[in-house]
Structures are given as C-alpha cells and as structure tokens.
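Hello,

Here is the structure I promised to hand over. Please open it first, then read my notes below.

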Amino acid sequence: MSARRQRYRKARRARFAIGIGFTFALAALAGMTDVVGLILVGQYVSFMSGNTTQFGLALARGDGGEIVLLAALLATFVAGNAFGEIIMRLTGRRHPPLLLVAAGLTAAPLVVGPLPWSILPAVLGMGMLNAGLEQIDGLSFSVTFVTGALSRFGRALGRALMGEPGRRWGYQIVPWLGMLAGAVAGAFAYGALGRNALAAAALWALVLALLIHFVPLHWRRRFALPARGRAAR
C-alpha cells in the first residue's frame, strides 16, 4: 500500500472517529436540555414525537391551553430546523456560529420571561442542532430524536443476523447513547442547579463550539451534507 493511500485511510478513520464523537456530544446536549425542559414545563424540548402524542391527547380532551402550547412547541422546533439550515448555508457550513446561537437560545429561558412560554427559545435552539449533522462518512444520524436511530440499529442488526455484510451498523446506537448520557447529566444538573441547569446545557454547547472549531473545515462540511446510499451499513 502506498504512503499516500495510507495517509488517506488514516485521515478517513480520524474523520470518522471525530464525527462519531460529535454525534454523541450533540445528542447529549439535546438529551440534557430535554430533561431540564421536561422537568420545568412538563413538555419536551427536542423530542417532538412525544409532543405530537401529547398534542393529539390535548386535542381529544379539548384542553385549549395545552393545545396552544404544544402547537407552539412543534412549530418552533420546525422553525429551528429551518433557521439552523439557513445559518449553516450562510456561514459556509461552519458549526461554531450554529452552536453559539444554540447556546444563547438554550440559556434564554432564564431571562426572557415566565414558564412555560419562555422555554420556546430553547426549543428553537434544539431544532437548529439537526442542521449541524446529517451523516458521518455515509452513515445517516439524527441528534435530537433517537427513535430513528434505534430503528436503523434494529434493522441493521436484523440484516447482520441474516448474514448481510456491513461492519459499521453498530454505530447507529451512538445518538441513543448520547441522548441517554445527556438525560442523566441533565437530571443531576437540575438536582444541583434547578432551573439554572439550562445554563449548564448552554455551557456544553459553547464547549462544543470551541472544540469543533479545531476540526478541519472540509471534514465539518461533510458532516452537514446528506448521506447517499444505504446508511445503516
């Protein structure tokens, strides 16, 4: 194997490892913020599947206050995804600006007004995170919802058990592990800091913004591009 080929493979492995770590870290941020928001307002900040189920229940019950709040949460999350995509495109797919804005939005409920409505900036910030990560070396990932990650993991496990080749399917569990770790951290943070645990989540976003700055830009840009082909392998 030529030296050039060896360098390419080494760089590819390093890019993949950093990408997997970034996936875990973003999912942990989502899980941490989600738990604190759930404790504070009784609704999810990043888990819109849960909020959609709650929305349906509120509609069936005719609970006007819950209907309006949940509709606002869902709409804000969608807006956050759109806003995040706009930021990524305007900045040449640079992650630090995205994470800096997300950090400010995550901490905003501490100062913008009474709960539960003041949680909306944090929801906007969590929606934005999805624009920062589409895939790692061809594997699709999501960071604010893990139902898809568990589904991809389970289907890939089934294919592996049936003898279908593919060595990287196990990485699909990474977002779930990250969200679980973040949820545990968020629960402990709330126990120690109360509502100010949102500041701890915002601090984590700032740390990620600093760390990702040192990752080569052409690697980071690849993270935010859609995957092609079969993502579960």
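Start at Leu133. In this predicted model, Leu133 touches Phe22, Thr23, Leu26, Phe141, Val143 and Phe223, leaving aside residues up to four places away in sequence.

Leu133 also belongs to the largest nonpolar core, which has 50 residues. Phe22, Leu26, Leu73, Leu99, Ile119, Leu129 and Leu133 are the members that touch the most others. Helices α1 (3-41), α2, α3, α4 (95-107), α5 (120-129), α7 (174-193), α8 (197-213) and α9 (217-223) each put in at least two residues. The biggest share of this core comes from α1, with eleven residues. Another core lies apart from it and has eight residues, including Ile87, Met88, Met128 and Ala224. As background, nonpolar side chains tend to be buried together in soluble globular proteins.

Next, α5. Is this helix mostly covered, or mostly open? It is mostly covered: ten of its ten residues are buried. The buried set is Leu120, Pro121, Ala122, Val123, Leu124, Gly125, Met126, Gly127, Met128 and Leu129. These buried residues pack against α1, α2, α3 and α4.

Look at α5 with α1. Their axes come within 10 Å and cross at roughly 160°. An angle over 145° counts as roughly antiparallel, so α1 is roughly antiparallel to α5. The crossing is left-handed. On the α1 side, the contact uses Leu26, Leu29, Ala30 and Thr33. On the α5 side, it uses Ala122, Met126 and Leu129. By type, the contact residues are six nonpolar, one polar and no charged. Two of the names here, Leu26 and Leu129, were on the list of core members with the most contacts.

Now the other pair, α2 (residues 48-61) and α3 (residues 64-90). How do their axes cross? They come within 9 Å, at roughly 150°. These two helices are therefore roughly antiparallel as well. Their crossing is left-handed. From α2, the residues in contact are Met48, Asn51, Thr52, Gln54, Phe55, Ala58 and Leu59. They meet Glu66, Ile67, Leu70, Ala71, Leu73, Leu74 and Phe77 of α3. This contact divides into ten nonpolar residues, three polar and one charged.

Best wishes

Conventions. Residues are numbered from 1 along each chain as its sequence is written. This is a predicted model: local features need pLDDT of at least 70, side-chain atom pairs count only at pLDDT 80 or more; totals for chains, interfaces and linings use all residues. Side-chain values use heavy atoms; hydrogens and water are left out. Axes are lines fitted to C-alpha atoms, for helices over the stretch in contact, and angles run from 0 to 180 degrees between N-to-C directions. Helices (H or I, at least four residues) and strands (E, at least two) are DSSP runs, numbered from the N terminus. Angles under 35 degrees count as roughly parallel, over 145 as roughly antiparallel, 65 to 115 as roughly perpendicular and the rest as oblique. A crossing is left-handed if the near helix is turned anticlockwise from the far one by less than a right angle, and right-handed if clockwise. Contact means heavy atoms within 4.5 Å. Ala, Val, Leu, Ile, Met, Phe, Trp, Tyr, Cys and Pro count as nonpolar, Asp, Glu, Lys and Arg as charged, and the others, Gly among them, as polar. A nonpolar core is a set of buried Ala, Val, Leu, Ile, Met, Phe, Trp, Tyr and Cys residues joined through side-chain atoms within 4.5 Å. Buried means under 20% relative accessible area, exposed over 50%, partly exposed in between (1.4 Å probe, protein chains only).
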